[in-house]
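The following briefing concerns the fold shown below. Please keep the sequence and the structure in view while reading.

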Amino acid sequence: MNVVDFAPCDPEDVPASELLSEMSAELNELYWTRSRLSLPKVEPAELRAPTGTFLVGWDGTRAVAGGGLRQLAEGVAEIKRMFVRPPARSRGVAGELLAALESAAYTLGYRAARLDTGPKQVHAIRLYEKAGFAPIEPYNDTPFACFWGEKELKQPSS
């Protein structure tokens, strides 16, 4: 049973923009930097159709999570900017968000997804490994990443 419902939202519109801002502030504090989200740079247009999307997770009328995907290469999506607001954590929302992004990527025609995360995000690393993302060689120059993963996408079950 899903904890939240997911719907696309433009990354520059509320509540997606608020979720991205909160995520940025949290990561900047975690890594003691202001450059965390600039490497590699993600433009809002990359998180829009036809090659990307940004999903917001709703718990009733409250936006509790968000995450996007963009085209990385032909047939390969990159999952970016996953964030769950603190009050919604430890309820399975992050796993649901990841599954929703994988499903959206498959629907957009991608057959593989990649992602990266940093050493201070151990919960994220465990989530990605549990979801089937296998460690791969670095595919970008993200200075804060320690884990790069890839997963073959399958047609979502109904």
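Strand 3 and strand 4 make a hairpin with two residues between them, and G75 in its turn has a positive phi of about 80°. This is a predicted model, in which local features need pLDDT of at least 70 and side-chain atom pairs count only at pLDDT 80 or more, whereas totals for chains, interfaces and linings use all residues. Residues are numbered from 1 along each chain as its sequence is written, and side-chain values use heavy atoms, with hydrogens and water left out. Helices (H or I, at least four residues) and strands (E, at least two) are DSSP runs numbered from the N terminus.

**The sheet**

- Strand 3 (residues 62–73) pairs with strand 4 in the antiparallel sense over seven bridges; two strands count as paired if DSSP finds at least two bridges between them.
- Within this pairing, I79 in strand 4 has L69 opposite.
- Strand 4 and strand 5 (residues 112–117) run parallel and are joined by three bridges.
- R114 in strand 5 stands opposite E78, and A113 in strand 5 is the bridge partner of A77.
- The open sheet consists of seven strands in the order 1-2-3-4-5-7-6, with mixed pairing.
- Strand 1 (5–8) and strand 6 (134–135) are at the edges with a single partner strand each, so one side of each has no neighbour in the sheet.
- Strand 4 (residues 76–84) is mostly covered, as nine of its nine residues are buried; buried means under 20% relative accessible area, exposed over 50%, and partly exposed in between (1.4 Å probe, protein chains only).

**Helices on the sheet**

- Helix 2 lies across strand 1, strand 2 (53–59), strand 3, strand 4, strand 5 and strand 7 (147–152), and runs at about 155° to strand 4.
- Helix 3 (residues 122–130) packs on the sheet and touches strand 4, strand 5 and strand 7, its direction making about 160° with that of strand 5.
- Axes are lines fitted to C-alpha atoms, for helices over the stretch in contact, and angles run from 0 to 180 degrees between N-to-C directions.

**Nonpolar cores**

- The largest nonpolar core has 27 residues, of which I79 and Y128 touch the most other members; such a core is a set of buried Ala, Val, Leu, Ile, Met, Phe, Trp, Tyr and Cys residues joined through side-chain atoms within 4.5 Å.
- Strand 3, strand 4, helix 2, strand 5 and helix 3 each supply at least two residues of this core, and helix 2 gives the most, with eight residues.
- Apart from neighbours within four places in sequence, Y128 is in contact (heavy atoms within 4.5 Å) with M82, L98, L115, T117, F133 and F147.
- A second, separate core of 14 residues includes L27, Y31, F54 and A63.

**Backbone exceptions**

- Most residues other than glycine have a negative phi, and most peptide bonds are trans.
- R81, found in strand 4, has a positive phi of about 60° although it is not a glycine; R81 counts as buried because its relative accessibility is 14%.
- S90, in the loop between strand 4 and helix 2, has a positive phi near 65°, and S90 is exposed at a relative accessible area of 84%.
- The peptide bond from V14 to P15 is cis, with omega near 10°, and P15 is placed in the loop between strand 1 and helix 1 (16–31).
- The peptide bond from A49 to P50 is also cis, with omega near 10°; P50 belongs to the loop between helix 1 and strand 2.
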